[in-house]
Amino acid sequence: MPYTLENFCDDCRATYDPATGNADLEEVRVHLESLLENQEFLQEHCGPDAEIGAHTLYTDDERGFIVLAHIMENGRTSPPHDHGASWAIYGQATKFTDMTEYDRQDDGSEQDKAKVEKTRKYRLEPGMAGIFGAHEIHSIHFPDNARFIRVTGTDLSTIETLAYNMDEGSVKVIPPSADGLGAGQASAD
Ligand SMILES: [Fe+2]
C-alpha cells in the first residue's frame, strides 16, 4: 500500500506532544520523505499537468499545520528571512532546492540593523526533505520548474516574520497580511 497524503496528515497529527502542543519536526520530516515515495501522489500534485502556483492540500484546523504543493515556473533565490513562530519543512518533488541557514551575529540593539552569517548549506534532491525551525534564519534557491511539498506549522500570512538584507546589514519586519492571502503563504520562501 502506498503511503498517502491522508496517512501523512494522520502521522503529522500524531507527532504533536499534548503536553507542549509542539510537533516533532524530525518525525514530520521523515514522514514527508515517505510521502515523496508515493508516485501516484507526486503525479497528481507535482506532475507535468499540475497548475503553476501554490496549492493548499490540507489544513489542520486544530493544530494549525498546512500542507502545500508549490509548482514553480521560475527559479528564485530568496533573501535570508524567518517564518516567525512557525516552522517549515520542505520536501523536494522535482529539480532541487538549496537550503541555507544563517546565524544572527549582532545583539539587536540597533534598530533595523542586523548582521547575519551563513552557517550551513545543503541541497534537497527529489525525495529529500529538510527542516527550518521556528525563528531560524534561512534562504532557499531553486531553478525553473522546481516543484516541492511544503508543510508549515502555521498559516504564514497570519504571523509577523523578519526579512534580512545582507548587503545593507538591515532587517525588516513583515507584518501579517490583512487579507490573509499574504506573500508569506503563497510565496515559496
Ligand atoms: Fe522560508
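Is Arg-13 buried, exposed or partly exposed, and how many other C-beta atoms lie within 10 Å? In this predicted model, Arg-13 is partly exposed, since 13 other C-beta atoms are found within 10 Å, whereas a residue counts as exposed at 12 or fewer and as buried at 20 or more. Arg-13 belongs to helix H1. When residues up to four places away in sequence are left aside, the contacts of Arg-13 are with Asp-60 and Arg-63. A separation of 21 Å was computed between the C-alpha atoms of Arg-13 and Gln-92, two residues that stand 79 positions apart along the chain.

The protein as a whole contains 4 helices and 11 strands. Its radius of gyration is 16 Å, which agrees with the value near 16 Å that a compact globule of 189 residues would have. The C-alpha trace extends over about 55 × 40 × 35 Å along the principal axes. Of the 189 residues, 33% are buried. Contacts between residues at least 6 apart in sequence were also examined, and 72% of these join residues at least 24 apart.

Helix H2 comprises residues 25-35, and its buried residues are Val-28, His-31, Leu-32 and Leu-35. These residues lie on the same side of H2, because the arc that they cover around the axis is only 105 degrees. In an α-helix there are 3.6 residues a turn, so residues three or four places apart point the same way. The buried residues of H2 pack against two further helices, H1 (5-14) and H3 (39-46), and against the strands E4 (88-94), E7 (129-132) and E9 (147-152).

The packing of H1 with H2 was then characterised. A pair of packed helices is described by the angle between their axes and the distance between the axes. For H1 and H2 the angle is about 175 degrees, and the axes are 10 Å apart. The two helices are therefore roughly antiparallel to each other, as angles over 145 degrees are counted in this class. On the H1 side, the contact is formed by Leu-5, Phe-8, Asp-11 and Cys-12, and on the H2 side by Val-28, His-31, Leu-32 and Leu-35. By residue class, the contact consists of 6 nonpolar residues, 1 polar residue and 1 charged residue. The H2 residues named in this contact, Val-28, His-31, Leu-32 and Leu-35, are also buried.

Methods:
Residues are numbered from 1 along each chain as its sequence is written. This is a predicted model: local features need pLDDT of at least 70, side-chain atom pairs count only at pLDDT 80 or more; totals for chains, interfaces and linings use all residues. The radius of gyration is taken over C-alpha atoms; the globule rule is 2.2 Å times the number of residues to the power 0.38. Two residues are in contact if their C-beta atoms, placed from the backbone, lie within 7 Å. The arc is that of the directions from the helix axis to the C-beta atoms. Axes are lines fitted to C-alpha atoms, for helices over the stretch in contact, and angles run from 0 to 180 degrees between N-to-C directions. Angles under 35 degrees count as roughly parallel, over 145 as roughly antiparallel, 65 to 115 as roughly perpendicular and the rest as oblique. Ala, Val, Leu, Ile, Met, Phe, Trp, Tyr, Cys and Pro count as nonpolar, Asp, Glu, Lys and Arg as charged, and the others, Gly among them, as polar.
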